[in-house]
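Subject: Structure handover

Hello,

Here is the structure I said I would pass on. My notes on what turned up in it follow below the model.

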Amino acid sequence: MRYKNVVFDLYGTLVDIHTDEKSKELWKKMARLYREYGAAYQPRAMQKEFEERIREKQRCADEIQIEEVFAELFFRKQVQIEGEELLDICKKFREYSTEYIRLYPGVHGLLAGLRGQGRKIYLLSNAQRVFTAHELSGLDIGKYFDGILLSSDYGVKKPNLRFFEALFVEYGLEPEECLMIGNDETCDIGGGNRASMGTLYLHTNLSPEYRGRQAADRAVMSGFSSCQAYLSDRPVDGHLGIEILLAVIEEMEREMV
């Protein structure tokens with residue numbers, strides 16, 4: 001077995017999600033919530049302040065912690081909120097801004113199948129822990145992972161090589177024994193290639209425009225919703241894209257023998 005470790009991206013790879021952080025209704029709800037704590041904002045002004053705080057932090061760091069932004073919004077109104085109260089407010093923001101969140105069909109079967117083959121499974125996601133930990137629990141997939149790395153905990157995100165190296169160091173992994181699976185050509189495939197991992201690209205409804213600038217070892221160009229996978233540029237029929245991923249991985253390994 002060449003790929004002893006399979007490393008997944010989360011959103012757009014295993015999880016289909018749609019959020020709208022510019023919704024007028026969202027910011028009306030957030031302004032109402034802040035007023036309950038004594039921090040008075042008009043919805044549009046609050047949105048503008050939120051976005052500016054994020055831009056400032058992103059100029060100084062590769063990755064931020066979103067709870068710091070919400071805390072600063074309180075601080076600007078001379079209100080101090082911290083701990084569980086602050087985390088609850090962050091979760092409310094995510095709840096208000098999420099139109100839907102669901103697993104792609106077959107995810108449980110895929111992850112269980114990989115574990116059944118004796119492989120270790122890891123999650124490497126550009127994500128905020130305050131949002132994602134709760135969502136992993138709600139979707140009931142956290143149990144499959146041998147390790148979970150979220151970018152907000154590390155101050156870096158894909159495709160930064162330091163994020164991949166954090167995974168290798170923390171779990172004692174050899175890069176050449178790891179397969180990176182993701183839906184983002186730059187973050188997942190480009191980052192995985194630079195980290196000397198095997199790479200498998202999934203094109204899903206949430207993938208950025210595919211430009212072919214980062215060559216994955218394999219590509220499933222129809223993601224989870226169709227019946228075509230591409231193995232060595234040969235179309236292979238299957239019931240769902242996700243169901244043939246085990247076969248894709250095994251095919252990759254046979255070609256390397």
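Asp-140 sits in the loop between α6 (129–139) and β5. Its phi is near 60°, a positive value in a residue other than glycine. Asp-140 is partly exposed, with a relative accessible area of 39%. Please keep in mind that this is a predicted model.

Gln-78 also has a phi near 60°, again positive in a residue other than glycine. Gln-78 belongs to the loop between α3 (66–75) and α4 (83–97). Its relative accessibility is 70%, so Gln-78 counts as exposed.

One more backbone item: the peptide bond between Lys-158 and Pro-159 is cis, with omega about 10°. Pro-159 lies in the loop that runs between β5 (147–150) and α7 (161–171).

Nonpolar cores

The largest nonpolar core has 32 residues, and those that touch the most other members are Phe-8, Leu-10, Val-15, Leu-111, Ile-141, Ile-181 and Leu-200. Two or more residues each come from β1 (5–8), β2, α5, β4 (120–125), α6, β6 (178–182), β7 (198–202) and α9. A second, separate core holds 25 residues, including Leu-26, Trp-27, Met-46 and Ile-64.

Leu-10 can be followed through its contacts. Leaving aside neighbours within four places in sequence, Leu-10 is in contact with Val-15, Leu-123, Ser-125, Thr-132, Leu-136 and Ile-141.

Helix α5 against helix α9

Helix α5 (residues 107–116) packs on helix α9 (residues 245–256) at an angle of about 40°, and their axes are 10 Å apart. On the α5 side the contact is made by Leu-110, Gly-113 and Leu-114, and on the α9 side by Leu-245, Leu-246 and Ile-249. By class, this contact has five nonpolar residues, one polar residue and no charged residues. An α-helix has 3.6 residues a turn, so residues three or four places apart point the same way.

Leu-114, in helix α5, is worth a separate entry. Its relative accessible area is 0%, which is under the 20% cut-off, so Leu-114 is buried. With neighbours within four places in sequence left aside, Leu-114 is in contact with Val-6, Phe-8, Arg-119, Ile-121, Leu-246 and Ile-249. Leu-246 and Ile-249 are on the α9 side of the helix contact as well. The C-alpha atoms of Leu-114 and Glu-25 are separated by 41 Å, with the two residues 89 apart along the chain.

Helix α8

Helix α8 (residues 185–194) is mostly covered, with seven of its ten residues buried. These are Glu-185, Cys-187, Asp-188, Ile-189, Gly-190, Gly-191 and Gly-192. What covers them includes α7, β6 and β7.

Largest pocket

The largest pocket contains about 650 Å³ of space. It is lined by 20 residues, of which Glu-21, Arg-94, Asn-126, Gln-128 and Phe-131 are the closest to its centre. The elements that give two or more residues to the lining are β2 (15–19), α2 (43–60), α4 and α6. What is the lining made of by class? The residues of the lining divide into ten nonpolar, six polar and four charged.

Regards

Key. Residues numbered from 1 in each chain as written. Predicted model: local features only at pLDDT ≥ 70, side-chain atom pairs only at ≥ 80, totals over all residues. Heavy atoms only, no water. Helix = DSSP H or I, 4+ residues; strand = E, 2+ residues; numbered from the N terminus. Buried < 20%, exposed > 50% of the residue type's maximum accessible area, 1.4 Å probe, protein only. Axes fitted to C-alpha atoms, helices over the stretch in contact; angles between N-to-C directions. Contact = heavy atoms within 4.5 Å. Nonpolar A, V, L, I, M, F, W, Y, C, P; charged D, E, K, R; others polar. 1 Å grid on protein atoms, 1.4 Å probe; cavity = no way out; pocket = protein on both sides within 12 Å on 5 of 7 lines; lining within 4 Å. Points joined across faces, edges and corners; volume = space filled by probe spheres on them. Core = buried A, V, L, I, M, F, W, Y, C linked by side-chain atoms within 4.5 Å.
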